[in-house]
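Visitor: I have a protein model to look at and I'm new to this. Could you walk me through how to read its features?

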Amino acid sequence: MTIQTVDPRALRDAFGAFPTGVTVVTACDGEGNPIGFTANSFTSVSLNPPLLLVCLAKTSRNFATMTGALHFAINVLSETQKDVSNTFARPVEDRFAVVEWAKGSAGCPIFSNVAAWFECAMEQVIEAGDHVILMGRIEAFDNSGRNGLGYARGGYFTPTLASKAVSAAAEGNIELAAVVERRGEVLLLGDDVLSLPSVDAHDGNPTDALQEYLETLTGLKVSIGFLYSVYEGKSDGKQHIVYHAVAGEGEPAGGRFVKPDALAAAKFKTSSTADIVNRFAMESSIGNFGVYFGDETGGKIHPIPAKGAKA
């Protein structure tokens, strides 16, 4: 698409089509207090010398401290650390109270339970439009072997959890469904009896099949996010895999968006659907989600842990 005037939001959405990992960049200010922010604009640069880079917005409240720091660290978050990403992406005052961390050899905060970390000397600060590029020379690093947290099109994805769920259900009759949200509202089908949009899975990538179904149903652009619920339906004999998804703007051709808090007296197609919608309403209100594994009558929600073991 060639245009003379760039729509920043459209360009940001286009950039978001590229899946990335999620990191938290940390350093200490002049008084030794830890600072940090979530960033996915991170990449390796060179093995010899060992260099990496991360981009920082000039509007960041950490701009002066980060560009003046002699050292900084990159914490590559593992797929169970979505809450850490959310915490460091928001203007929370005591961010470091919700994560276990220790100082690296150069004094930078290093998180526990991350997929990997790198502690760097500031090599160069490069002007780059409305951002700067922080070039770091790696002085210490560690690789835990954990899988990293993924991010694409405005949503997280957890490759290992998703693949395990699909593998576990592969021999069964699989139904794919989605909690499709937009500005706090959820897409539901039906008038008197409500249900989540769902489709039977066939060969191929389940998220591709689900996205195709949702976009055909609604006529809207839909981005599939993280795995939300996996359960065995005893009444229908199906394995149910539910994802979180985000819909684009416009009036849906099929279904309607409803505020979850307006559904107290609603009748749902199944008790499982009611449980999923009610759980989503609760979790979205606090900004912290889990993944449910079980069946229609009971199971376990695997929360994103707020704290991990010390490194």
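Visitor: How many aromatic pairs does a search of the whole structure find?

Guide: Start with the rule: rings of Phe, Tyr and Trp (its six-membered ring) pair if their centres lie within 6.5 Å; planes under 30 degrees apart count as stacked, over 60 as edge-to-face and the rest as tilted. Here the search finds seven such pairs. One of them is Phe96 with Phe111, edge-to-face, at 6.1 Å centre to centre and 75° between the planes. Phe96 sits in the loop between helix H3 (82–88) and strand E7 (101–103) and Phe111 in strand E8, so this pair ties together parts that are 15 residues apart in sequence. Helices (H or I, at least four residues) and strands (E, at least two) are DSSP runs, numbered from the N terminus.

Before we go on, this is a predicted model: local features need pLDDT of at least 70, side-chain atom pairs count only at pLDDT 80 or more, and totals for chains, interfaces and linings use all residues. Residues are numbered from 1 along each chain as its sequence is written, and side-chain values use heavy atoms, with hydrogens and water left out.

Visitor: Is Phe96 buried or exposed?

Guide: Buried means under 20% relative accessible area, exposed over 50%, partly exposed in between (1.4 Å probe, protein chains only). Phe96 has 11% relative accessibility, so it counts as buried. Phe111 is buried too, at 1%. Ring pairs also link Phe88, Phe96, Trp101 and Phe111 into a cluster.

Visitor: Which parts does the pair of Tyr228 and Phe280 tie together?

Guide: That pair is edge-to-face as well, 6.0 Å centre to centre with 80° between the planes. Tyr228 belongs to strand E17 (residues 222–233) and Phe280 to helix H6 (residues 271–286), so the parts they tie together are 52 residues apart in sequence. Both residues are buried.

Visitor: Which residues touch the most other members of the largest nonpolar core?

Guide: A nonpolar core is a set of buried Ala, Val, Leu, Ile, Met, Phe, Trp, Tyr and Cys residues joined through side-chain atoms within 4.5 Å. The largest one has 21 residues, and Val25, Met66, Phe72, Ile74, Phe118 and Leu134 touch the most other members. Several elements give two or more residues to this core, among them strand E2 (23–28), strand E6 (71–76) and strand E10 (131–143). E9 has the largest share, four residues. A second, separate core of 19 residues includes Ala177, Leu196, Phe268 and Phe280.

Visitor: What is Ile74 in contact with?

Guide: Contact means heavy atoms within 4.5 Å. Leaving aside neighbours within four places in sequence, Ile74 is in contact with residues including Val25, Phe42, Leu52 and Phe118.

Visitor: And the backbone: where is the cis peptide bond?

Guide: Most residues other than glycine have a negative phi, and most peptide bonds are trans. In this model a cis bond joins Asn48 and Pro49, with omega about 5°. Pro49 is in the loop between strand E4 (42–46) and strand E5 (51–57).

Visitor: What about phi of Asn113 and Arg183?

Guide: Asn113 isn't a glycine, yet its phi is positive, about 65°. Asn113 lies in the loop between strand E8 (109–111) and strand E9 (116–128), and is partly exposed at 25% relative accessible area. Arg183 has a positive phi near 50°. Its place is the loop between strand E13 (173–182) and strand E14 (185–188), and Arg183 is exposed at 62%.
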